[in-house]
Amino acid sequence: MKKIAIAIAFVLSTGMLVSCGQNNAASKVKKENVESAEKRDVSISKGTASISFDKEEHNFGTVNEGDVVKTTFVVTNTGKTDLVITNAKASCGCTVPVWPKEAIAPGKTGEIQVSFNTNGKPNKQSKSITLTTNTEKGREVVKITGMVTPKKKTV
């Protein structure tokens, strides 16, 4: 029994040694993967994109219920790599953001247009728009606030 165990161990270890020496690992590396990794590393070394706003909150004042109010937030890329906004989501379906779909180069600006439909939204209002970005935080938030004068009720 002991001789069989030694023989099996010998066969397995010989097989492992022979199979490991057959291939050259460097020959398996694809040139396009190396080039892609080099570009990625250069991009990473620049740092993350950074965003600044002309304002982070807009107060639309007092408006009548049923009005649609609009504002624009100007964003500036203050980082060293392109700023990409992949999504903009409002806290309510009554608020619609439109954001730049293309990357914003360092030092350049873009606009986020926001419209708010006050219909059915009387009294004090506060809505937020969450931007999904490639900044260090990953999420940025802007807000709109104001007062909506209710419609007169008819009897």
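What share of the 155 residues in the protein is buried? Buried residues, those under 20% relative accessible area with a 1.4 Å probe and protein chains only, make up 28%. This is a predicted model: local features need pLDDT of at least 70, side-chain atom pairs count only at pLDDT 80 or more, and totals for chains, interfaces and linings use all residues. Residues are numbered from 1 along each chain as its sequence is written, and side-chain values use heavy atoms, without hydrogens and water.

**View 1. The fold runs α-α-β-β-β-β-β-β-β-β from the N terminus.** The protein has 2 helices and 8 strands. These are DSSP runs (helices, H or I, at least four residues; strands, E, at least two).

**View 2. The largest nonpolar core holds 24 residues.** Such a core joins buried Ala, Val, Leu, Ile, Met, Phe, Trp, Tyr and Cys residues through side-chain atoms within 4.5 Å. I112, F116, I129 and L131 touch the most other members. Strands supplying at least two core residues each include strand 6 (109-117) and strand 7 (123-133).

**View 3. F60 and F116 form an aromatic pair.** A search of the whole structure finds 1 such pair (ring centres within 6.5 Å). The rings are 5.5 Å apart centre to centre, with 35 degrees between the planes. That is tilted, as planes under 30 degrees apart count as stacked and over 60 as edge-to-face. F60 lies in strand 2 and F116 in strand 6, 56 residues apart. F60 is buried at 14% relative accessibility; F116 is buried at 1%.

**View 4. The charged end of K101 sits over the ring of W99.** The distance to the ring centre is 3.6 Å. The criterion is NZ of Lys or CZ of Arg within 6 Å of the ring centre and within 35 degrees of the ring normal. K55 lies over the face of F73, 5.5 Å from the ring centre.

Definitions and conventions: Buried means under 20% relative accessible area, exposed over 50%, partly exposed in between (1.4 Å probe, protein chains only). Rings of Phe, Tyr and Trp (its six-membered ring) pair if their centres lie within 6.5 Å; planes under 30 degrees apart count as stacked, over 60 as edge-to-face and the rest as tilted.
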